[in-house]
Every structure is written in C-alpha cells, then in structure tokens.
Amino acid sequence: MSTIMGFDFGTKSIGVAVGNSITGTAKPLVGIKAQDGIPNWDQVEKLIREWQPDKLVVGLPLNMDGTEQHVTRAARKFANRLFGRYGIETLTQDERLTTTDAKARLFEQGGYRALSKGAVDAQSAAVIVESYFESMYG
C-alpha cells in the first residue's frame with residue numbers, strides 16, 4: 001500500500017489531498033494560501049510529516065489541446081521544489097477538467113455553500129490523486 005499526497009497548484013492557493021493506492025480513492029485535506037505560487041512551507045511540511053506520503057503528485061494545468069500555459073511552468077517548478085525540500089518522489093499529472101469535476105462533487109454534497117475556494121482546491125487535489133491512480137491501474 002502506498003500513500004499519495006496530491007497538490008492542485010495555483011498561484012494564490014494550493015489544494016492538498018491524500019490518497020491510498022489500495023482503495024484508489026483520495027480525500028481532500030486543505031487549501032493552503034500561496035503568494036505567487038509559493039506556499040507556507042511550514043504548512044506543507046506539517047502535512048507531509050502527518051501523512052508520511054510515499055509519493056507526491058502535482059496537477060499539471062494544460063490547455064484543452066494539451067499545450068502548456070504560463071502556470072504549467074510554475075506548477076513544474078513547484079513540483080521540483082517539493083522534491084528538493086522533502087526528497088520524496090514527485091510526479092505531475094494532467095489536471096484538465098479537475099476543477100469542474102471537483103465543483104460538481106462538492107455541489108452534490110452541500111450545494112453552493114460547499115463551494116468555498118479552499119474546499120474546491122482541496123477537492124481538485126483529490127481528483128488529481130484519483131486520476132493518477134486511474135492512470136496507474138486503469
């Protein structure tokens with residue numbers, strides 16, 4: 001069994017989720033505020049210590065045609081920083097449409113009240129982890 005921690009990268013907020021390879025599911029944890037894509041590293045470190053992930057997966061924001069955008073490079077840089085700081089294998093995962101999926105899931109659970117920015121970012125991170133599992137085992 002392995003524990004995967006996922007990140008939905010954004011320049012102002014980064015969603016975090018954790019998943020389990022046995023169940024192939026993930027649960028949203030938190031949305032961390034970021035400044036120009038740089039999170040509060042103490043918060044990230046606390047989550048990594050608490051969950052002890054075997055791998056980290058960072059969502060890679062691509063255009064619908066698969067081309068890269070400005071934030072794609074920033075997400076790759078964030079992934080490289082995670083690996084550099086914690087030495088945990090860090091992968092990227094195509095995240096096209098994860099926010100749409102995350103909003104739909106949250107809305108089903110709690111209507112518009114459930115759609116706070118942090119909740120959407122954390123749920124998006126959970127969708128990224130689950131899509132990683134699907135790409136590995138599907």
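Guide: H1 and H2 pack at an angle of about 65°, with 12 Å between their axes, where axes are lines fitted to C-alpha atoms, for helices over the stretch in contact, and angles run from 0 to 180 degrees between N-to-C directions. The crossing of H1 past H2 is right-handed, a term used when the near helix is turned clockwise from the far one by less than a right angle. From H1 the contact is made by Trp41, Val44, Glu45 and Ile48, and from H2 by Phe78, Arg81, Leu82, Arg85 and Tyr86, contact being defined as heavy atoms within 4.5 Å. Six of the residues in this contact are nonpolar, none is polar and three are charged; here Ala, Val, Leu, Ile, Met, Phe, Trp, Tyr, Cys and Pro count as nonpolar, Asp, Glu, Lys and Arg as charged, and the others, Gly among them, as polar.

All of this is read from a predicted model, in which local features need pLDDT of at least 70 and side-chain atom pairs count only at pLDDT 80 or more, while totals for chains, interfaces and linings use all residues. Residues are numbered from 1 along each chain as its sequence is written, and side-chain values use heavy atoms, with hydrogens and water left out.

Helices (H or I, at least four residues) and strands (E, at least two) are DSSP runs, numbered from the N terminus. H2 comprises the 17 residues 70–86 and reaches 25 Å from its first C-alpha to its last, close to the 24 Å expected at 1.5 Å a residue, the expected span being 1.5 Å times one less than the number of residues. Its buried residues are Val71, Thr72, Ala75, Phe78, Ala79, Leu82 and Tyr86, where buried means under 20% relative accessible area, exposed over 50% and partly exposed in between (1.4 Å probe, protein chains only). They cover an arc of only 115° around the axis, which puts them on the same side of H2; the arc is that of the directions from the helix axis to the C-beta atoms. The buried residues of H2 pack against H1 (41–51) and also against the strands S1 (3–8), S2 (13–20), S4 (38–39), S5 (55–60) and S6 (90–94). On the face turned away from the buried side, H2 carries the exposed residues His70, Asn80 and Gly84, and just after the helix Gly87 takes a positive phi of about 65°.

In H1, the buried residues are Trp41, Val44, Leu47 and Ile48. Seen down the axis of H1, they fall within an arc of 125°, so they line one face of the helix. These buried residues pack against H2 and against S1, S2, S3 (25–35), S4 and S5, whereas the face of H1 turned away from its buried side carries the exposed residues Asp42, Lys46, Arg49 and Glu50.

In the loop between H1 and S5 lies Gln52, which has a positive phi of about 50° although it is not a glycine. Gln52 counts as exposed because its relative accessibility is 54%. Among the residues that Thr3 touches, not counting those up to four places away in sequence, are Trp51 and Gln52; Thr3 itself is placed in strand S1 and counts as buried, at 14% relative accessibility.
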